[in-house]
Amino acid sequence: MSTLTKSTFVSGLFEALPNTFPSLRQMGKENFYVQGFPSLKDEEYKFTPIAKKLETSLTNFSSANPVIISAEQINKAVPAGFEGVVLAFSNGKYLPELSTSVEGLTVNFLSKNESTPIGSIAKAENDPFIALNQATFTDGLCISIEKKKEITLPILLLQFHQAKEGQVISPRIWIEAGDFAKASFIDYSISLDDAPYFVNKVVEIKGGIHTDLTYHSLQEENNQVIQVNALVTDIQQDSQFTSTQITLSGDLVRNNLTLNLLGSNAVGNMFGIYLLNGKTHVDNHTNVDHTFPHAESNELYKGILADQSRGVFNGKIFVRQAAQKTNAFQQNNNILLSEDAIINTKPQLEIWADDVKCSHGCTVGQLDEEALFYLQARGIDKTTARGLLLYAFAGEVLEKIELESLRTFITTKIQERLGSKF
Amino acid sequence: MLSIKNLHASIEGTPILRGINLEVKAGEVHAIMGPNGSGKSTLASVLAGREEYEVTEGEVLFQGKELLELSPEDRAREGVFLAFQYPIEIPGVSTTNFLRTALNQVREYRGLEPLDAVKFLSLMKEKMALVEIDQKLLSRSLNEGFSGGEKKRNEIFQMAMLEPVLSILDETDSGLDIDALRIVSNGVNKLKSENTATIVVTHYQRLLDYIVPDFVHVLYKGRIVKSGTKELALELEEKGYDWIKEEVDSTATV
Amino acid sequence: MSKDNQILEDLNSKEYEHGWSVDFETDEAPIGLNEDIIRWISTKKEEPSWLLDWRLKAFKIWQGMSEPAWANVNYPKMDLQALRYYSAPKQSNKPKNINEVDPELIAIYERLGISLNEQKRLQGIAIDVVLDSVSVATTFKETLGKLGIIFCSFSEAVKEHPDLVQKYLGSVVPMTDNYYAALNAAVFSDGSFCYIPKGVRCPMELSTYFRINAANTGQFERTLIVADDSSYVSYLEGCTAPQRDENQLHAAVVEIYAGAHAEVKYSTVQNWYPGDKEGKGGIYNFVTKRGICAGDHSKISWTQVETGSAVTWKYPSCILKGDHSIGEFYSVAVTNNYQQADTGTKMIHIGKNTKSRIVSKGISAGKSQNSYRGQVQVMKRAHNARNFSQCDSLLMGNQCGAHTFPYIDIANPSAKVEHEATTSKIGEDQIFYCNQRGIATEDAVALIVNGYAKEVLNQLPMEFAVEAQKLLALTLEGSVG
């Protein structure tokens with residue numbers, strides 16, 4: 001896969017590993033060493049120099065311990081008007097005393113539940129970062145939703161991160177939903193200070209038949225943070241899975257979203273917004289695999305890039321030979337606002353079935369000057385007018401967020417950014 | 001000309017036609033009417049040779065030949081024309097190009113010389129007038145972006161060009177306003193002769209004001225349950241199909 | 001309309017019709033590849049020392065390279081040491097004009113339907129004919145010469161116009177570019193050269209016809225087209241090869257240079273032997289084609305109809321260096337049986353107000369794999385760059401694959417880039433509709449496919465369009481129904 005910089009700088013991570021999941025950790029370590037960190041020669045990381053970044057910006061490569069979080073910090077972080085379950089985490093470690101619950105939802109430390117089949121959905125052999133997480137995660141959480149249970153309250157995973165320069169945080173979450181279950185998650189990650197550290201997160205979701213699951217990720221880390229997030233989901237027949245990926249900050253962020261549609265009539269929706277400024281580099285790789293007939297996937301990612309930011313989008317749709325009558329749609333639209341912003345986009349279709357409807361499209365452009373002028377001619381100042389138009393551009397994705405309090409929360413954040421910065 | 005005997009057909013194992021008998025002679029116009037789902041369109045499709053339908057019993061003789069043994073294109077070449085309920089779009093292929101290919105293959109089958117471009121064009125001009133169709137439409141991709149009325153007019157135009165012996169109009173009136181209906185019917189009437197026959201498949205009597213049938217047959221549950229003259233169509237228009245359904249269903253249960 | 005008719009009439013022949021070969025006396029290099037072979041080729045061609053040095057340098061570079069593996073194709077690797085790098089028909093004396101060419105050679109081309117007799121040519125097309133490694137004939141040289149147009153074999157250009165060749169050779173596709181381009185630079189045997197002087201509009205289509213005849217021989221030709229400021233030329237390329245059980249390698253390089261306000265249109269109908277129905281044999285077509293719009297307001301347009309080859313690896317590209325320059329790529333790629341194609345284009349926007357357009361229509365049938373791979377790159381200083389790409393795939397049958405890999409890399413905020421792609425299949429209802437009008441299924445498929453590919457076929461000169469339509473129909477025969 002790549003030139004492993006025989007990553008001496010990583011070796012600190014493998015010292016004093018927790019004694020849970022020993023064989024799984026060993027396999028993770030081996031798989032990591034076989035693959036190594038990907039270099040730019042690796043097609044999947046062509047535009048994202050992550051190995052170099054990790055090596056040069058992170059000197060103290062060791063696992064970060066949890067820090068103490070107060071109830072006040074929780075209250076401050078929860079979006080206004082949010083009604084639902086809160087699961088709090090500090091550097092990946094679940095904090096039961098600061099969390100709430102609801103009927104039908106069971107949570108348990110992974111360390112107390114070693115029979116959890118982690119690694120069965122997010123596979124260490126295909127991804128060095130998953131392998132690294134599998135070897136080094138401190139603890140993690142196993143979340144299960146009872147069969148036939150429709151949890152109407154949203155479940156907020158509040159991920160607080162605070163680490164020393166160069167430390168690594170490896171959150172690990174396993175979600176399992178029984179047949180006919182329904183649940184909606186919000187994974188919100190927040191930095192508590194400005195130190196440069198590395199978050200290497202893995203979330204695995206295993207849905208039964210006829211499930212309806214939603215997973216929103218909102219990333220608001222400091223602009224020094226390097227992040228790799230893997231969200232790997234298997235859903236079965238008659239199920240629906242929706243993900244929303246909102247990235248507003250960070251130094252280098254790589255989101256790997258994998259969705260396996262393992263049954264007929266499965267529907268996968270993948271939506272995303274990246275609103276970037278400064279030197280933030282965000283790379284969204286999505287991968288949806290159609291293996292059964294009569295399934296559907298919809299994907300819409302929108303990017304607004306200012307300053308020296310860089311966006312990378314690679315959307316892969318695989319339609320296997322058996323997946324006849326598949327409908328797959330993919331769209332990636334980008335607006336570049338500055339001379340120094342760069343976008344690399346690659347919407348990719350791979351199709352082996354003939355009776356399918358697949359289309360993809362992508363655009364790169366800028367604000368419609370005519371529209372801007374029109375608004376100005378009606379007395380709206382240029383900054384506001386630009387904000388309005390950009391907001392309208394992003395709005396198509398925001399509309400997909402059904403949960404009102406979350407939509408309002410994100411909308412406000414985006415509006416603030418567009419109103420001030422742009 | 002056409003003789004249908006005890007025709008049974010099914011789709012994916014579900015029987016749709018359950019014993020159709022029908023005799024059509026040259027010069028006649030037959031209307032096939034019936035409620036939704038009675039098998040009207042299936043009958044049209046089976047006659048034209050659509051593959052999804054499996055003929056399980058019966059025979060169809062067309063001018064003395066076993067129609068059911070012919071491929072769809074050979075049925076067309078023998079003179080069976082189906083005006084589709086939903087004409088198909090073929091991007092990038094103009095109607096003109098399409099028809100020239102079709103006409104010359106039909107001519108070849110009948111042992112005639114292919115038409116050269118000049119002769120083809122003059123024939124086309126002559127037939128265009130019949131259905132008041134614009135030449136611009138004919139140079140566009142076949143049916144692509146056509147309005148409902150334009151598609152149906154194009155069907156009748158193709159019929160005029162190919163000069164079939166037996167024309168089957170499958171719900172040609174659906175979705176047409178009165179003007180379009182008049183134009184389409186005029187076209188059909190002008191194309192009628194004592195050597196040709198027409199089967200009009202329709203749900204409504206409205207079309208039969210313009211294309212006057214010699215016989216009207218009511219199809220229900222895959223059989224012709226009543227036959228009559230044009231007055232039967234008027235009666236159906238007035239009373240609906242329920243009385244026929246009741247009549248059939250009650251005798252069926254006895 | 002007559003085009004379509006012709007296809008329908010010609011639909012009788014089912015198999016690859018150019019699959020025959022002819023025995024005649026040849027001059028051959030020994031089998032294998034090393035410096036001595038390169039010297040042998042260079043000596044054989046009486047080349048100047050600068051060209052030999054250039055070849056040897058390329059050979060050294062090539063030795064340090066490895067075969068690319070990123071394309072979406074699978075094939076048994078070829079033993080490049082088992083190939084012959086030079087094979088030429090023996091001609092007692094170099095013919096001065098077409099009338100002196102060995103009648104046996106002329107007969108080969110008559111059989112391919114290409115008349116080398118200038119009087120017999122209806123259309124004004126000048127042809128340079130390349131058989132195996134060398135150019136055997138160039139027609140209409142005198143007519144073109146009066147306008148100052150140089151159109152001749154590459155070998156002849158090296159002798160007669162060394163300054164031009166030295167100036168442009170390798171300027172668009174450097175020998176370091178890729179594995180096959182380096183190999184070509186080391187061992188290329190012949191090809192076509194064309195120079196259109198300032199302000200001249202070439203009055204006829206220029207054409208090269210490639211044919212591989214010999215067995216176990218790679219064909220490595222090189223085409224160099226230089227269109228000086230404000231000139232225009234339309235260039236056509238055709239190719240066939242005999243039916244052989246082993247795979248043959250074709251690794252050509254085409255370089256195009258367009259000066260200010262110049263326009264070059266390059267059309268290819270590629271019909272190399274694709275292998276048999278079981279995937280045995282066929283040409284490996286690993287070709288590097290690139291043009292540079294060096295001057296302002298220049299334009300390069302590639303049109304390709306790809307029906308042949310067992311494996312195709314080909315990305316005709318445009319470097320849009322001049323301000324206001326335009327690059328276009330129109331492609332129909334058809335794969336059937338076990339064919340594999342990985343083809344597309346690169347549009348590199350460097351100058352201001354540059355525009356590019358990509359229309360790619362892939363058709364996959366049988367057990368074939370068809371990939372579009374394209375890149376649109378807008379450099380930092382390329383203000384107001386515009387690109388539109390449309391990449392459609394048509395699938396026939398459920399054992400083939402269609403893949404789309406568009407790379408869009410934008411570093412300037414004033415760029416407007418749009419990419420659209422769709423995948424569909426030929427509908428059974430479309431075929432039934434045609435049947436109902438009396439059109440046989442095979443002809444219906446030809447009609448529908450030609451309609452689908454129309455936007456690309458329209459770009460071809462008339463004579464080539466007819467050929468291309470026939471080829472599409474032939475390639476897809478038997479794939480539906």
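What follows is a chat about how the chains of this predicted model meet and what holds parts of them together.

Colleague: Before we start, what kind of model is this, and how is it numbered?

Modeller: This is a predicted model, where local features need pLDDT of at least 70, side-chain atom pairs count only at pLDDT 80 or more, and totals for chains, interfaces and linings use all residues. Residues are numbered from 1 along each chain as its sequence is written, chains are lettered from A and ligands numbered from 1 in the order in which they are written, and side-chain values use heavy atoms, with hydrogens and water left out.

Colleague: OK, which chains share the most contacts?

Modeller: Chains A and C do, out of the 2 pairs of chains in contact. Contact here means heavy atoms within 4.5 Å. On that basis 36 residues of chain A are in contact with 34 residues of chain C.

Colleague: And how much area do chain A and chain C bury between them?

Modeller: About 2700 Å², with 47% of it on carbon and sulfur atoms. Buried area is the accessible area (1.4 Å probe) that two parts lose on being put together, summed over both. On the chain A side, E339(A), D354(A) and Q366(A) lose the most area to chain C, together 22% of what that side buries.

Colleague: How many salt bridges are there between chain A and chain C?

Modeller: The count is 1. A salt bridge needs a side-chain nitrogen of Lys or Arg within 4 Å of a carboxyl oxygen of Asp or Glu. Here K380(C) meets D340(A), at 2.4 Å from N to O.

Colleague: What about polar contacts there, how many residue pairs?

Modeller: Between chain A and chain C there are 19 residue pairs in polar contact, both residues at pLDDT 80 or more. A polar contact is a pair of N or O atoms within 3.5 Å; within protein, one must be able to donate a hydrogen and the other to accept it, and residues adjacent in sequence count only if both atoms are side-chain atoms.

Colleague: Which elements of chain A touch chain C?

Modeller: β19 (342-351) and β20 (357-365) of chain A are the elements that give two or more residues to that side. The largest share, 10 residues, comes from β19(A). Helices (H or I, at least four residues) and strands (E, at least two) are DSSP runs, numbered from the N terminus.

Colleague: Which strand of chain C does β20(A) pair with?

Modeller: Strand β24 (residues 416-425) of chain C, in the antiparallel sense over 7 bridges. Two strands pair if DSSP finds at least two bridges between them. In β24(C), E418(C) is the bridge partner of T363(A).

Colleague: Switching to chain B: how many residues does the contact with chain C take?

Modeller: It takes 32 residues from chain B and 23 residues from chain C. The area buried between chain B and chain C is about 2400 Å², and carbon and sulfur atoms give 62% of that.

Colleague: Which residue forms a salt bridge with E155(B)?

Modeller: R437(C) does, with the closest N and O atoms 2.6 Å apart. Between chain B and chain C the salt bridge count is 1, and 14 residue pairs are in polar contact, both at pLDDT 80 or more. On the side of chain B that touches chain C, α3(B) gives the most, with 9 residues.

Colleague: So where does that leave chain A and chain B, how far apart are their nearest C-alpha atoms?

Modeller: They are 16 Å apart, and chain A and chain B do not touch.

Colleague: Now inside chain B, in what order do the 4 strands of the open sheet run?

Modeller: The order is β2-β1-β4-β5 in chain B, and the pairing is antiparallel. β2 (14-24) and β5 (65-66) of chain B stand at the edges, each with a single partner strand, so one side of each is left without a neighbour in the sheet.

Colleague: How many bridges join β1 and β2 of chain B?

Modeller: Strand β1 (residues 2-11) of chain B pairs with β2(B) over 8 bridges, in the antiparallel sense. Along that pairing, S3(B) stands opposite E23(B) in β2(B).

Colleague: Last one: which residue does D74(B) form a salt bridge with?

Modeller: R77(B), with the closest N and O atoms 3.2 Å apart. Both residues, D74(B) and R77(B), lie in helix α2 of chain B, 3 residues apart, about one turn of the helix.
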